[in-house]
Amino acid sequence: MSHHQDTDTTADTRVALSENSLFGMGNPLLDIIAVVDKDFLDKYGLKPNDQILAEEKHKALFEELVKRNKVEYHAGGSTQNSVKIAQWMIQKPHKVATFFGCIGTDHFGKILKKKAEEAHVDARYYEQSEQPTGTCAACITGDNRSLVANLAAANCYKKEKHLDLDSNWELVKKAKVYYIAGFFLTVSPESILKVAKHASENNKIFCMNLSAPFISQFFKEPLMKVMPYVDILFGNETEAATFAKQLSFETDDIGEIAKKARNLPKENTERQRVVVFTQGKEDTYATVGERAIAFPVVDIDQNEIVDTNGAGDAFVGGFLSALVQEQSLEECIRAGHYSANVIIQRVGCTFPEKPNFH
């Protein structure tokens, strides 16, 4: 056996990643980030740590933010953030992550394309000119952020015009791990179901996020239609509590909620569902067999926290980067904690050139 072949086999002890192994689909949004005061939140009826969809009354909010002198623009959208962070954690090869979503043929759309390219994500956007590219106002007050999403183009994603096209569906088939934030339930539940069923039938891993309290409250029906296909369910403590209430779990203990969510009906019984709930600086809970186990997060000096916007997306991104490399649950959570820790020390969902995660 030649020396050359020998070096090849050692490299293969880590799972060699191929392009498009991780698939994400969601709402590509351009984040408009500004520090505001409580009066601003009150004026638009916003809660300090919430995420909502923009209504008519928020139109002026976007205009007011853009006029401010200190505004930062960053490529965003929950699922897109997560796959970008997964790609950043993985580094090489490029384009391990695929992303589908709808944008407009405008300036913001161009920025999103450029940012996806810079992040080495294989973004295949459905582009249309009826609606402008979606935006998300991130109103920062202290350690909190209130997010108001104006979906616009993101809301125009069409299964039959994009997901169903052979060239796009081929990319879906190439993946072994799928992740879609619950936010996309408001846009194209039929697209989510098609992907989820494909994963389930082919014994691949389908992951979903509770994403925001309003998803469990107002989109419970589409959420529960997808739930039987969910192999890994993510959420934070607020989302978990709302979910538990909507499903009459009659407990507010995060570990108990995780166990009950794990035991909801499941299609592919070859894989046990895993439920992972984060709680900011408190322990992350995850189901391991019949139990729910606490995993402590990385300690951080509160003064180091710049912006918690994107922390949840970052956690998922780190987790997915280890998952797609077939690492243990503990290792996935460790990767998630690491990337969330990096993100909260920066403005927006941005990251340094390379991770120093080992």
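In which sense do S11 and S12 pair, and over how many bridges? The two strands run parallel and share five bridges. The legends below concern a predicted model, in which local features need pLDDT of at least 70 and side-chain atom pairs count only at pLDDT 80 or more, while totals for chains, interfaces and linings use all residues. Residues are numbered from 1 along each chain as its sequence is written, and side-chain values use heavy atoms, with hydrogens and water left out.

**View 1. The nine-stranded sheet.**
The strands form an open sheet with mixed pairing, in the order S6-S5-S1-S9-S10-S11-S12-S13-S14. Helices (H or I, at least four residues) and strands (E, at least two) are DSSP runs numbered from the N terminus, and two strands count as paired if DSSP finds at least two bridges between them. Strand S6 (122-128) and S14 are the edge strands; each has a single partner strand, so one side of each has no neighbour in the sheet. On average, neighbouring strands are turned by 20 degrees against each other, direction ignored. Strands of a sheet pair through backbone hydrogen bonds, either parallel or antiparallel.

H13 lies across S1, strand S9 (177-181), strand S10 (205-209), S11, S12 and S13, and runs at about 160 degrees to S11. H14 also packs on the sheet, where it touches S12, S13 and S14. The direction of H14 makes about 155 degrees with that of S13. Axes are lines fitted to C-alpha atoms, for helices over the stretch in contact, and angles run from 0 to 180 degrees between N-to-C directions. Contact means heavy atoms within 4.5 Å.

Glu170 and Lys173 form a salt bridge through their side chains, at 3.2 Å from N to O. A salt bridge is a side-chain nitrogen of Lys or Arg within 4 Å of a carboxyl oxygen of Asp or Glu, and by this rule the count is 14. The two residues are three apart in helix H7 (residues 166-174), which puts about one helical turn between them. Glu170 is partly exposed at 42% relative accessible area, and Lys173 is partly exposed at 38%. Buried means under 20% relative accessible area, exposed over 50%, and partly exposed in between (1.4 Å probe, protein chains only).

**View 2. Salt bridges between distant parts of the chain.**
The closest N and O atoms of Lys266 and Asp231 are 2.7 Å apart in a salt bridge. Lys266 sits in the loop between helix H12 (254-262) and strand S12 (274-279), and Asp231 in the loop between helix H10 (220-226) and strand S11 (232-236), 35 residues apart. Lys266 is buried at 18% relative accessibility, as is Asp231 at 3%. A salt bridge also joins Arg262 and Glu290, with the closest N and O atoms 3.7 Å apart. Arg262 belongs to helix H12 and Glu290 to the loop between strand S13 (282-288) and strand S14 (291-295), so this pair ties together parts 28 residues apart in sequence. Arg262 is buried at 9%, whereas Glu290 is exposed at 59%.

Gln87 is in helix H4 and is buried at 2% relative accessibility. The Gln87 side chain reaches the backbone nitrogen of Lys95 at 3.4 Å. Leaving out residues up to four places away in sequence, Gln87 touches Pro93, His94, Lys95, Val96, Ala97, Ala119, His120 and Val121. Pro93 lies in the loop between helix H4 (78-90) and strand S5 (97-104). The peptide bond joining Lys92 and Pro93 is cis, with omega about -5 degrees.

**View 3. Two residues with positive phi.**
Most residues other than glycine have a negative phi, and most peptide bonds are trans. Asn20 has a positive phi near 60 degrees and is placed in the loop between helix H1 (3-11) and strand S1 (22-25). Asn20 is buried at 2%. Glu326, not a glycine, has a positive phi of about 60 degrees. Glu326 is in the loop between helix H13 (311-323) and helix H14 (329-343), and is exposed at 56%.

Conventions:
Polar contact = N/O pair within 3.5 Å; in protein donor to acceptor, adjacent residues only side chain to side chain.
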